[in-house]
Amino acid sequence: MDPLETLGLDLLQRVFKFLTPQTLAVASLVSSGWRAAADADTLWVANCTSAWQHKVYIPAAGRLDLTFKQRYVEAELDAARTELQAKELCAFRWGFRFKEAAGAFWTAQDPFWSEGDRSSRSLMQRLFLANGSVCAPPDDPIFGDHERQWRFTKSKGGKPGHFIQINHWPSLIIERLLDGGWRMQNEWVVYEAVLKPGGPYSRGIGHVQGTWLA
């Protein structure tokens, strides 16, 4: 007999709580009754909470027009996305540091290299603005007053892809991190989006704007 008829909707959903999201999605294909049981928000809220607890950026989480199952699926698809959008680049605050390969002149001015324990070293801060410029806090040790302009490029050293270039300097390779965050780097520098689990961007960009505030 159909377990839905034997157990009823409430007990079947209690059983479904022990299924993985992938198995739960398969269960929803059995019949319309099973779909109603397996697609319940009560089940997918728990799946989303478990999957997202250590994530720093989940755009689908803020999609109130979607069910929680749809948000979970959208989040899984987005996690594989490596093409940074302009609205994301301009919304985030970016931690910035030089690599050792940049040379002693630059690392000597970089707080990252002058402080002690690397795990607690501070990063300089950058904002990418929608008008194509880059800015830094007034007290930045190296930024100076010369203009910096960013743009997307489709190649780096003849290799096709999705990159960002600032002025004439080597293009930045864009990476998606396991926690949903973003990193950009070239031979000399590293930029990493300043994001944290449960932070203002963990549920997408929304109306949050780039700021120097933590």
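Is Phe96 buried or exposed, and what is its relative accessible area?

Mentor: Happy to! This is a predicted model, so a word on the ground rules: local features need pLDDT of at least 70, side-chain atom pairs count only at pLDDT 80 or more, and totals for chains, interfaces and linings use all residues. Residues are numbered from 1 along each chain as its sequence is written, and side-chain values use heavy atoms, with hydrogens and water left out.

Phe96 is buried, with a relative accessible area of 4%; buried means under 20% relative accessible area, exposed over 50%, and partly exposed in between, with a 1.4 Å probe and protein chains only. Phe98 counts as buried too, at 9%. The ring centres of Phe96 and Phe98 lie 5.2 Å apart with planes at 70 degrees, so this pair is edge-to-face. For reference, rings of Phe, Tyr and Trp (its six-membered ring) pair if their centres lie within 6.5 Å; planes under 30 degrees apart are stacked, over 60 edge-to-face, and the rest tilted.

Both residues also belong to the lining of the largest pocket, where Phe96, Phe98, Arg148, Trp169 and Val189 are the closest to the centre among 17 lining residues. A pocket here is an open set of points on a 1 Å grid over the protein atoms alone, where a 1.4 Å probe fits, with protein on both sides within 12 Å along at least five of seven lines; lining residues have an atom within 4 Å of a point. The space in the pocket is about 380 Å³, the volume being that filled by probe spheres set on points joined across faces, edges and corners. Its lining divides into 13 nonpolar, 2 polar and 2 charged residues; Ala, Val, Leu, Ile, Met, Phe, Trp, Tyr, Cys and Pro count as nonpolar, Asp, Glu, Lys and Arg as charged, and the others, Gly among them, as polar.

Ring pairs join Phe96 and Phe98 into a cluster with Tyr57, Phe92, Trp94, Phe105, Trp106, Phe128, Tyr191 and Tyr201. Leaving aside neighbours within four places in sequence, Phe92 is in contact (heavy atoms within 4.5 Å) with Tyr57, Leu127, Trp182, Ala193, Leu195 and Tyr201. The Tyr57 and Phe92 rings have centres 5.1 Å apart and planes at 85 degrees, so they too are edge-to-face.
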